[in-house]
Amino acid sequence: MATNPAALDPRVKPILVQGNPTLHKVTDDISKITEDQTPFKWYIAIGITSTITLILLAMLTYLVFTGIGVWGNNVPVAWAWDITNFVFWIGIGHAGTLISAILFLFRQKWRTSINRAAEAMTLFAVACAAIYPLFHTGRPWRAAYWLLPLPNAYLGVWPNFRSPLVWDVFAVSTYATVSALFWYVGLIPDLATLRDRARGLRQKIFGIASLGFRGTARVWNNYEKAYLILAAISTPLVLSVHSIVSFDFATSVLPGWHTTIFPPYFVAGAIFSGFAMVVTLMVVARWALNLEYLITIRHLENMNKVILATGTIVGYAYATEFFIAWYSGNPYERFIFINRAFGPYAWAYWSMISCNVISPQFFWFKKLRTSVPFMFVLSIFVNIGMWFERFVIISTSLHRDFLPSSWGYFRPTIVDILTFFGTFGLFLTLFLAFCRFLPVIAMAEIKGMMANESMHDAVHGTSYGPAPHDPAVPEVLEGGRH
Amino acid sequence: MATEHITNTPDIAGRSVYGVVGEFERPEDLVRAGEDLHHRRGYTKIDAYSPFPIHGIDDAIGTPKSILGYIVFACGLFGLANAIFMIWYTNGYDYPLVIGGKPLFAWEFSVPVMFELTVLLSAFGAVLGMLFLNGLPKYYHPIFNYDRYGRSTDDRFLLVVESADPRFDVEEVMRVMQEVGAVNTEVVGS
């Protein structure tokens, strides 16, 4: 059963792990990535990305020592690349928790191969996003007083809880914390596996990191409960975060921002961009780490279907915005949308439309959504398109104020550009470090899926690894299945 | 290997016995053996080690239901109460400022922060509660004395009858383990 011709037939139960590996092979293949000698290509890759990270550090240092005037945002476009990039990175961070929480509750077993890496990606994306609100204050060491309700003699007042910007602080920091907890809880059993394979100092490090985890029935019982609860509370959380980010815009009275469609539209866009980033990274990671049998074409195809669905929702939202601008009869609203499509930022608008609305439609074709080079290129287009979406929303609503005397045109400075470029360095450096030092696939989960599926299928004669020495399934198993 | 029984009795003189370990190759063997030991032979201090959660093992060896849900619920309520108190105290009581003509305190604008803090505290409750119920972090456990313990986080399944079990008898448990199909049986010191 190495390759099943029906593997891509939606009516047939999907083969989520190809080639029937033994449980030990799965443990070994994933653990070895962290145990073997570091491959040379990894040094090259991290050399490049950490150099780019240095550019980020240089730009932020320059900003702190000079002032935020080094960025191009100014009246009338007082919010520009900083918030564009913040929303861009936060959006990317949505895929991880969506995969780990929502797909878990929906019992989508294919998530098992990709959830660890997607969650890690979420954390790194949120770290990149956090740079912008912190540094746009100009004095990041004082940001805590402005953002959090900390008693202090320096400001003397409390944050204003009527402001969506304060809600945003709570939403994003909760999201970062809960995502980190979720990721760590998922890692604990795998860290224990690495501990038990190691000797000496490495064993001690992983022993402490895994908190002395032992996989007893009672431990797993509490553990699974904790995992389920985390999934259940992360599901509304992931939907709330981008909703609250969209409140930053929607609660203002600016034409183009003041719409009720923003929360669902932002959430769909976030999932769209997040999945695109997961596809971009997974296509490279599965090839570089030889994990094609665990992260199969089936997994990539499923993600591409999500990209197609959410991309279509985003396209529909664009159309609705235009319809409402016309239907509302509000001349300011109407002006903003005509200006958006045909004004000075038309180039950005049409880049967004071609990347976000047109390009995902190619995924209707099975040949294209199962072609690895094609999906890689397309996922990058989606990332570009989603960056343009945020830029278009922010700049076009701001640059032509109610009074034509205060019209302007935003141009990024070189510091803007290099800072944004640098965040990709940070993101990729962290991801490369993760791939090298931690198990990129949730071993315990994927083995559990293989074995529990095989116990279920034992009667039908399909199973993982060598033939079982007793195919009979105890009654309690049949009863224990959902 | 599959049918051959290995019986090791290492020298644990001078140490008390933690229990008898039986090793199994497949999850279904572990469940069947656990069921046999618990339901048929009446052992109660049983623990089952597996590299991943197994469906049915809790019923087989009589693991009680997790009470984690109650802990998380309490933590969530605590987070919610905190949020309400914090917003009311800071904006409505300690330093009232009228901004945009909005009320000093109202539940409507408090909803996002109330929700986020409920989730945040629930998440901490779930993780710390899970660790507490599992007695983690823990640096040492007698099961680590079992030579092949490492396999239980890889691809093997262990059943342990602890010496604290009222029916515990080394010879007897060793024999029973082999009877229910353990591929390796060993007495482990504490």
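This is a predicted model: local features need pLDDT of at least 70, side-chain atom pairs count only at pLDDT 80 or more; totals for chains, interfaces and linings use all residues.

Modeller: Residues are numbered from 1 along each chain as its sequence is written, and chains are lettered from A and ligands numbered from 1 in the order in which they are written.

Colleague: In what order do the elements of chain B run from the N terminus on?

Modeller: Helices (H or I, at least four residues) and strands (E, at least two) are DSSP runs, numbered from the N terminus. Chain B holds 5 helices and 5 strands. From the N terminus on, their order is β-β-α-β-α-α-α-β-α-β.

Colleague: Is chain B a compact globule or more spread out, and what is its radius of gyration?

Modeller: The radius of gyration is taken over C-alpha atoms, and the globule rule is 2.2 Å times the number of residues to the power 0.38. For 190 residues that rule gives 16 Å, and the value for chain B is well over this, so the chain is more spread out than a compact globule. Its C-alpha trace spans about 80 × 35 × 30 Å along the principal axes. The radius of gyration of chain B is 25 Å.

Colleague: How far apart do the C-alpha centres of domain 1 and domain 2 of chain B lie?

Modeller: The bounds come from an automatic or database domain assignment. In chain B, domain 1 comprises 6-64 + 142-189 and domain 2 comprises 68-133. The distance between their C-alpha centres is 45 Å.

Colleague: Is strand 4 of chain B enclosed or open, and how many of its residues are buried?

Modeller: A residue is buried if 20 or more other C-beta atoms lie within 10 Å of its own, exposed if 12 or fewer, and partly exposed in between, with C-beta atoms placed from the backbone. In a regular strand the side chains alternate between the two faces of the sheet. Both sides of strand 4 of chain B are covered, with Phe157(B), Leu159(B) and Val161(B) buried on one and Leu158(B), Val160(B) and Glu162(B) buried on the other. Strand 4 (residues 157-162) of chain B is therefore largely enclosed by the rest of the structure, the buried count being 6 of the 6 residues.

Colleague: Which residue of strand 4 of chain B is the bridge partner of Ile46(B)?

Modeller: Two strands pair if DSSP finds at least two bridges between them. Strand 4 of chain B pairs in the antiparallel sense with strand 2 (residues 17-24) over 6 bridges, and 4 bridges join it, also antiparallel, to strand 3 (residues 46-49). For Ile46(B), the partner is Val161(B).

Colleague: Which residue of strand 5 of chain B is the bridge partner of Val17(B)?

Modeller: Strand 2 of chain B has 7 of its 8 residues buried, so it is largely enclosed by the rest of the structure. It runs antiparallel to strand 5 (residues 184-189), with 6 bridges between them. The partner of Val17(B) is Gly189(B).

Colleague: Within what arc do the buried residues of helix 5 of chain B fall?

Modeller: The buried residues of helix 5 (residues 170-179) of chain B are Val173(B), Met174(B), Val176(B) and Met177(B). They line one face of the helix, because seen down its axis they fall within an arc (that of the directions from the helix axis to the C-beta atoms) of 165 degrees.

Colleague: Which helix of chain A gives the most residues to the side that touches chain B?

Modeller: Two residues are in contact if their C-beta atoms, placed from the backbone, lie within 7 Å. The contact takes 61 residues from chain A and 65 residues from chain B. Among the helices of chain A that each supply at least two residues are helix 1 (23-35) and helix 7 (164-197). The most, 16 residues, come from helix 9.

Colleague: Where is the cis peptide bond of chain B that involves Pro137(B), and what is its omega?

Modeller: Most residues other than glycine have a negative phi, and most peptide bonds are trans. Pro137(B) is in the loop between helix 4 (107-133) and strand 4 of chain B. The cis bond joins Leu136(B) to Pro137(B), with an omega of about -5 degrees.
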